[in-house]
Amino acid sequence: MNKLLRTLTLGCLLVSPAPAQEPAQPEKKPSRGRAAYFVYTSMPEGLENPVSVLSGTEISQIVLSKLSPSDPVKIPADGILRIVRKIPNQEDPKKPAYMTLAQATVPESVTDAMVILMPIAKNPNGLLFQAKVQDLAALKGGDTMFLNMTTLKIGIELGGAKIGVGPGQVNIHNPLGTAKTVSLPIKFSYYDASKEEWRLITASTVALYSTRRELCIFNWDSRFGRVDYESITFPLLESAP
């Protein structure tokens with residue numbers, strides 16, 4: 001795996017323009033009640049974007065991006081959100097029918113949720129994504145959430161802090177203190193158990209702001225056999241009255 005690792009750039013944690021292939025992201029609108037935001041780590045081949053989300057009996061269209069969250073989607077009473085594709089209804093052509101491409105269940109206690117979509121091998125029931133729900137309540141302005149979706153140990157050095165994130169774990173760090181913004185060196189590594197040593201993923205500089213929340217999702221890219229990650233920026237939004 002070591003030979004296949006490539007040098008990665010720090011995505012939207014760095015102050016840099018969005019890649020040309022990313023869909024333009026309009027300013028997110030505040031929503032009433034419980035809301036979910038969608039992000040993805042990789043797009044399955046042939047999947048349309050925007051995608052359709054089924055919430056209760058309502059269908060909405062959202063644009064998926066690697067750099068920023070989607071527009072908010074209302075969480076229904078049962079908490080079930082589905083990414084769907086419209087298909088012909090053989091039994092009743094006048095009624096719409098949908099194939100489920102991903103499904104997430106948001107716990108009743110969660111008011112603001114992030115739904116992370118990660119591609120899986122296509123299976124007979126049509127699922128294209130594994131969905132993980134993350135509660136955003138603990139994420140404040142200036143925070144960076146490191147989420148490890150791999151089976152490896154991930155190590156982060158941010159400024160003078162050393163942060164470990166085990167497989168499937170989350171770690172939130174905020175180095176701002178009373179500052180409104182800071183610029184710090186950052187380094188990502190993974191632990192190679194076969195050689196009992198840490199291997200560098202990338203090293204760079206990051207700018208953090210008190211008006212933003214940052215998420216860094218580490219995942220395993222099965223196509224290339226390597227650790228990959230996505231960085232997503234959540235601006236702070238005031239809830240509608």
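These are my notebook entries on one predicted protein model.

**Ground rules**

I am working with a predicted model, where local features need pLDDT of at least 70 and side-chain atom pairs count only at pLDDT 80 or more, while totals for chains, interfaces and linings use all residues. I number residues from 1 along each chain as its sequence is written, and my side-chain values use heavy atoms, with hydrogens and water left out.

**Entry 1: the whole chain**

I looked up the secondary structure first. The protein has 16 strands and zero helices. Both are DSSP runs numbered from the N terminus: helices are H or I with at least four residues, strands are E with at least two.

Next I checked burial. I found that 44% of the 241 residues count as buried. Buried means under 20% relative accessible area, exposed means over 50%, and partly exposed lies in between (1.4 Å probe, protein chains only).

I then looked up the accessible surface. The protein exposes about 13,000 Å², and carbon and sulfur atoms supply 52% of that area. The method is Shrake-Rupley with a 1.4 Å probe; for residues, only the protein chains shown count as cover.

Contacts came last (heavy atoms within 4.5 Å). Among contacts with a separation of 6 or more, 62% are between residues 24 or more positions apart.

**Entry 2: a four-stranded sheet**

I picked out an open sheet with the strand order β3-β2-β5-β6 and antiparallel pairing. Two strands pair if DSSP finds at least two bridges between them. Which strands stand at the edges? They are β3 (58-62) and β6 (97-105). Each has a single partner strand, so one side of each is left without a neighbour in the sheet. Neighbouring strands here are turned by 35° against each other on average, direction ignored. The axes are lines fitted to C-alpha atoms, for helices over the stretch in contact, and angles run from 0 to 180 degrees between N-to-C directions.

I zoomed in on one pair. Strand β2 (residues 51-55) and strand β5 (residues 80-87) run antiparallel and are joined by four bridges. Val-53 stands opposite Ile-83 in β5.

Pro-50 is in the loop between β1 (35-40) and β2.

**Entry 3: salt bridges**

I counted six salt bridges. The rule asks for a side-chain nitrogen of Lys or Arg within 4 Å of a carboxyl oxygen of Asp or Glu.

Glu-230 forms one with Lys-66, the closest N and O atoms being 3.6 Å apart. The two are 164 residues apart: Glu-230 is in strand β16 (residues 226-235), Lys-66 in the loop between β3 and β4 (73-74). Glu-230 is buried at 9% relative accessibility, and Lys-66 is partly exposed at 22%.

Glu-157 and Lys-187 form another, also 3.6 Å from N to O. This pair links strand β10 (residues 154-158) with strand β13 (residues 181-192), 30 residues apart. Glu-157 is partly exposed at 33%, and Lys-187 is partly exposed at 31%.

Asp-192 meets Arg-199 at 3.7 Å. Are these residues buried or exposed? Asp-192 is buried at 11%, and Arg-199 is buried at 15%. Shared partners join Asp-192, Glu-197 and Arg-199 into one network of salt bridges.

Glu-196 has a positive phi of about 50° although it is not a glycine. I located Glu-196 in the loop between β13 and β14 (197-209). Glu-196 counts as exposed, at 63% relative accessibility.
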